[in-house]
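Please have the sequence and the structure open as I speak.

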Amino acid sequence: MQGSQLSVPKSQTLELVGGHLTLAKSAILKAGEVKIQANKVTMKNQATIDADANQVGGTAGTIKITVTDQLVMTDLTQISSNTIAANCAGGRIDIVAHSLHMSGNRSEPSGAIISATTRGTLMPGGEITITTDDLQMADDATINTGGLPLTDSSGPSGSGGQIRIQTHS
């Protein structure tokens, strides 16, 4: 998928249950753009939406999610536009939703994640912009644009990207 758009009718709900909507690198190693427009989006059971670049020289894509009601992320669900071992910055994630609820399972670390990170490069993390009337984060939910080393203990790591959260309340 490159430049594809998923639209859900206003009275319907898009629900990702253990599913994986992914936008992987193309032949030119550049992930495209994921656009989701819906009234309500529910992600659970490790559902993932990603536009990651996982090869040297790859470029993470852009994810744009517009939800007129509620975006709910639980139990290790993830929205990501990360770059791994590539000489480019993390991708971009734009979320506009009336409410965004992110949570995990209280019995183990399993929070929902929104990330635009880099790993194993000196390039900065990507950008995340969230516009919502109601943001709720609980039980290890994370929003991250950090630069990380390729392994847990060594390798280059870039600076974090920008996170912008705008609320109307």
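Let me begin in strand β15, where Q166 stands opposite T131. This is a predicted model, in which local features need pLDDT of at least 70 and side-chain atom pairs count only at pLDDT 80 or more, while totals for chains, interfaces and linings use all residues. Residues are numbered from 1 along each chain as its sequence is written, and side-chain values use heavy atoms, with hydrogens and water left out.

Strands here are DSSP runs of E with at least two residues, numbered from the N terminus, and two of them pair if DSSP finds at least two bridges between them. Strand β15 (residues 163-167) and β12 run parallel, joined by five bridges. Strand β12 (residues 127-137) is in turn joined to β9 by ten bridges, again in a parallel arrangement, and M137 in β12 stands opposite M102.

Now to R92, which lies in strand β9 (residues 92-102). What does R92 touch, leaving aside its neighbours within four places in sequence? With contact meaning heavy atoms within 4.5 Å, the partners are G61, T62, I63, S81, E127 and T129. For T62, which is 30 residues apart from R92 along the chain, the C-alpha separation is 4.8 Å.

As for polar contacts (a pair of N or O atoms within 3.5 Å, one able to donate a hydrogen and the other to accept it; residues adjacent in sequence count only if both atoms are side-chain atoms), the R92 side chain makes one with the side chain of E127 at 2.5 Å and another with that of D94 at 3.1 Å.

Note on methods. Helix = DSSP H or I, 4+ residues; strand = E, 2+ residues; numbered from the N terminus.
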